Amino acid sequence: MRVQLVEGRTEERLEDDELDLWPASARSAPHGGLSVGGVQLAEIAEQFGTPAYVLDESEVRARCRRYRAVFRGAEVAYAAKAFLCRAMVRWIDEEGLSLDVCSAGELELAVTSGFPPERVIMHGNAKSPGDLRAALRLGVGRIVVDSTSEIARLAAEVPQGSRQKVLLRVTPGIAAGGHAAVRTGTADQKFGVPIADGAASHAAARILGQPRLLLTGLHCHLGSQIDAVKPYLLAARRVVGLLARIREQHGVILPELDLGGGHSIAYRPDERPLDVAVLASRLSAEVHRGCAAAGLPVPRLTVEPGRAIAGPAGVALYRVLAVKHSGKRVFVAVDGGMSDNPRPALYGVRYAPRLVGRPRGGRTMTATVVGRHCEAGDVIADDVRLPADTRPGDLMAVPAAGAYHLSMASAYNLVGRPPVVAIRDGRTRLLVRRESLADLSMRDVGL
């Protein structure tokens, strides 16, 4: 399908195998130009420099609405750890989502940006006293208790005469996720309290014995980048079983069930995202079936997507700095890397970069796209096809870059973190400015 833009340029949708990688508004021109939200990426790079993150506001909002539509009647809480800034807080609020935070920092940013604290869920396997005090001071809706040792600490902080709503995070003994480092549903990692050995039942009893805590439900998060529905169904079955045991042992019916997030997206053309409509339908059926069998009322379901909302809405822009032939390999080095995207080094994730301003279909080469940092593991993409005449100065765009890039970025090699530029209705605006050397120097008080 071709679209005629106002400026007279003819642009078209991307190839079918790329559609899951880019925002729905992405368009490609015959000369190799690439636009998002009606704005040419080359123009953004010229105005804001590189590296830079580009975020399509309409894509973020559309994905929020999609979740609310398919998980009808459920609570959808955006996982702030994926990407958070003041504008994102506002978009999430306006689209009617709740917010899942993991620290006092994320919480303070959200609340000072106007987000209703009663729609905030506070997570964390090792919350500091400052985290807990901030959550109570600002009035968060629910705090997720992650260990038995946290129960008494939290209860001691709750003001006399008050009760804080809490969820108990449990681990159902299910291995799911795109990498061992992000599988959190098993009993041999740091999150939650295991169901299988009775520890979760014991923790629930301890919470119920605290007059300043109100246990309203159970929480379960299996991991990240999960591309199958089956693990969620199995988790729901086991957690509903625990709800039934709590009712039998304590006569308490818990009204909430939070099954976390971790829904996968596509990073390369051979990957497909988790179908959230199928997940919503089958998960609802599983919870209803399990509750009916146990004689329980159906609890209100909560899901916590982060990557699946922010990831495909983002594009990272880089400039090529060098092209090096080393043995049988070709390395294309860009002006960013692991300081603005550590995920390849942490999890072995690979992306599908594309040169902007180069016609498709010409002579190509197989290359490895690497960053500028002093680590051999600073690799953005292996074995990708790029134009054979790729050269310094070329503009490179990397899709699916909206989640876990800025939020995990660092100051390695004292390279400042990139800016975040939002696109909406053919216009750009700066959301987060580029981190400068002056910003980095201000923290150094050694002289």
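Let me start with strand β21, residues 395-399, which is mostly covered: 5 of its 5 residues are buried. Buried here means under 20% relative accessible area, with a 1.4 Å probe and protein chains only. Strands are DSSP runs of E with at least two residues, helices are runs of H or I with at least four, and both are numbered from the N terminus.

A word on the source. This is a predicted model, in which local features need pLDDT of at least 70 and side-chain atom pairs count only at pLDDT 80 or more, while totals for chains, interfaces and linings use all residues. Residues are numbered from 1 along each chain as its sequence is written, and side-chain values use heavy atoms, leaving out hydrogens and water.

Back to β21. Both of its faces are covered, with Leu395, Ala397 and Pro399 buried on one side and Met396 and Val398 buried on the other. What does β21 pair with? Strand β16, residues 314-326, pairs with β21 in the antiparallel sense over 5 bridges; two strands pair if DSSP finds at least two bridges between them. Methionine 396 of β21 is the bridge partner of tyrosine 318. Strand β18, residues 354-356, is also antiparallel to β21, over 3 bridges, and there valine 356 stands opposite leucine 395.

Next, the cores. A nonpolar core is a set of buried Ala, Val, Leu, Ile, Met, Phe, Trp, Tyr and Cys residues joined through side-chain atoms within 4.5 Å. The largest has 114 residues, and Phe71, Tyr78, Met88, Leu168 and Leu218 touch the most other members. Helix α8, residues 230-250, gives the largest share of this core, 10 residues. A second, separate core has 21 residues, including Ala26, Val39, Phe48 and Val315.

Now serine 339, in the loop between β17 (329-334) and α11 (343-347). Is serine 339 buried or exposed? Serine 339 is buried, at a relative accessible area of 3%. Leaving out residues up to four places away in sequence, serine 339 touches His373, Ala409, Ser410, Tyr412 and Val415, where contact means heavy atoms within 4.5 Å.

Last, the second largest pocket, with a volume of about 530 Å³. A pocket is an open set of points on a 1 Å grid where a 1.4 Å probe fits, with protein on both sides within 12 Å along at least five of seven lines; lining residues have an atom within 4 Å of a point. The volume is the space filled by probe spheres set on the points. Of its 26 lining residues, Pro353, Arg354, Arg360, Arg385 and Leu386 lie nearest the centre. Strand β20 supplies the largest share of the lining, 5 residues.

Technical notes: Buried < 20%, exposed > 50% of the residue type's maximum accessible area, 1.4 Å probe, protein only.
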